[in-house]
Protein chains: 2
Amino acid sequence: MSDLFPKKGHDHDRCVHSALAQAEKVCDAENARFTDMRRKVFTLIWQSHKAVTAYELLDALTAEGQRVQPPTVYRALEFLTELGLVHRIESLNAYFGCDRPDCEHLGQYFICTDCGRVAEAVNEEMSNAVRKAAMGVGFTIQATTVEIKGLCHDCATH
Amino acid sequence: MSDLFPKKGHDHDRCVHSALAQAEKVCDAENARFTDMRRKVFTLIWQSHKAVTAYELLDALTAEGQRVQPPTVYRALEFLTELGLVHRIESLNAYFGCDRPDCEHLGQYFICTDCGRVAEAVNEEMSNAVRKAAMGVGFTIQATTVEIKGLCHDCATH
DNA sequence: GATGAAATGTTATAATATATCATTTTCTGA
DNA sequence: TCAGAAAATGATATATTATAACATTTCATC
């Protein structure tokens with residue numbers, strides 16, 4: 001069984017740091033500005049292993065001393081989502097960092113209903129099944145939402 | 001290519017009627033009451049080929065002469081959803097009738113972003129891919145959301 | 001430094017959803 | 001059949017999520 005979540009003891013700060021570097025690269029490539037606000041929102045999202053709601057981000061930013069209004073957060077989220085740096089988890093109305101912003105992919109999300117952690121998978125078998133099914137009914141895919149809720153291994157066994 | 005939506009000329013009233021009959025059977029089997037309100041909401045959902053929002057249902061009921069408040073609609077939706085008679089489309093915050101309320105299944109939804117129509121699929125290849133992926137990471141599935149947005153064949157070609 | 005485009009600030013409000021308590025309806029068992 | 005309990009609905013208020021519209025600031029470019 002492969003790991004759903006990062007192994008114990010992994011250096012999360014380092015992950016966040018590397019995600020930031022990736023994000024910068026992507027923005028650069030797209031000629032998009034990775035502004036302060038966008039960086040802050042991105043970082044807050046990446047600092048969590050759970051999906052984060054817009055208003056949680058709002059609160060976090062306010063706690064940091066910035067007085068911020070909803071549109072500011074939603075704009076940052078829209079920007080990050082459009083570049084593929086962050087994914088929206090539809091069934092949670094919340095946002096989650098994307099591991100692989102640099103390549104096109106149909107991602108899948110595992111959401112543990114017990115501990116709340118989220119993990120992105122890029123499983124070709126799932127993606128291909130979706131693509132094939134769409135093809136079979138003459139459907140042209142624009143976007144897919146694959147969210148799987150249940151118990152992660154830790155929560156199921158402990 | 002198989003059809004995504006019902007063929008032209010199919011008798012939709014008859015579909016709705018048969019869905020109602022099915023719903024009654026399911027409620028019976030579960031010892032659940034298919035009350036007037038629940039029947040009305042169910043029917044309104046089935047009369048549409050699109051997903052319907054709670055407030056659209058509210059408006060429709062009000063137009064029918066009932067003065068109805070949000071909790072009433074949400075309660076009916078919760079009831080119908082729990083029995084599997086209706087599915088929530090997470091990416092639309094809307095509801096859609098389920099063809100196969102009598103059997104357990106992991107459904108998939110095709111949503112045309114042009115005409116707005118929705119179709120449920122029960123594609124074993126997709127379901128199995130999801131189950132297998134979950135198994136592979138030791139994840140116990142409670143519920144899945146598979147929503148595919150894009151262009152249906154009609155909209156892509158016309 | 002002037003200019004225009006992009007980003008953010010600000011205010012207001014729309015859209016979606018639920019908590020709580022009151023009332024009515026339905027079922028159950030004496 | 002009717003008293004009591006359970007289920008469903010009504011009513012009121014409010015929480016949560018999201019966007020519209022216009023003002024101001026920031027930033028790249030000339």
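User: How many aromatic pairs does the structure hold over all chains?

Analyst: There are 10 aromatic pairs over all chains. Rings of Phe, Tyr and Trp (its six-membered ring) pair if their centres lie within 6.5 Å; planes under 30 degrees apart count as stacked, over 60 as edge-to-face and the rest as tilted. The model is predicted: local features need pLDDT of at least 70, side-chain atom pairs count only at pLDDT 80 or more, and totals for chains, interfaces and linings use all residues. Residues are numbered from 1 along each chain as its sequence is written, chains are lettered from A and ligands numbered from 1 in the order in which they are written, and side-chain values use heavy atoms, with hydrogens and water left out.

User: Why is the pair of A:Phe34 and A:Phe42 called edge-to-face?

Analyst: The ring centres of A:Phe34 and A:Phe42 are 5.8 Å apart and the planes stand at 80°, so the pair is edge-to-face. Ring pairs also link A:Phe34, A:Phe42 and A:Trp46 into a cluster.

User: What makes A:Phe34 and A:Phe42 buried?

Analyst: Buried means under 20% relative accessible area, exposed over 50%, and partly exposed in between (1.4 Å probe, protein chains only). A:Phe34 has 14% relative accessibility and therefore counts as buried; A:Phe42, at 2%, is buried as well.

User: Which strands does the pair of A:Phe96 and A:Tyr109 link?

Analyst: A:Phe96 lies in strand S2 of chain A and A:Tyr109 in strand S3 of chain A, 13 residues apart. Helices (H or I, at least four residues) and strands (E, at least two) are DSSP runs, numbered from the N terminus. A:Phe96 is buried at 10%, and A:Tyr109 is buried at 5%.

User: Where does A:His105 lie, and what polar contact does its side chain make?

Analyst: A:His105 is in the loop between strand S2 (94-97) and strand S3 (108-112) of chain A. Its side chain makes a polar contact with the side chain of A:Glu120 at 2.9 Å. A polar contact is a pair of N or O atoms within 3.5 Å; within protein, one must be able to donate a hydrogen and the other to accept it, and residues adjacent in sequence count only if both atoms are side-chain atoms. A:His105 counts as buried because its relative accessibility is 18%.

User: Which residues are the closest to DNA strand C?

Analyst: The closest are A:Thr35, A:Arg75, B:Tyr55, B:Tyr74 and B:Arg88, among 16 residues that surround DNA strand C. A residue is near a molecule or strand if one of its heavy atoms lies within 4 Å of it. An N or O atom in the side chain of B:Tyr74 is 3.0 Å from a phosphate oxygen of DNA strand C.

User: What makes A:Asn31 exposed, and what is its phi?

Analyst: A:Asn31 is exposed because its relative accessible area is 75%. Its phi is positive, about 55°, although A:Asn31 is not a glycine. Most residues other than glycine have a negative phi.
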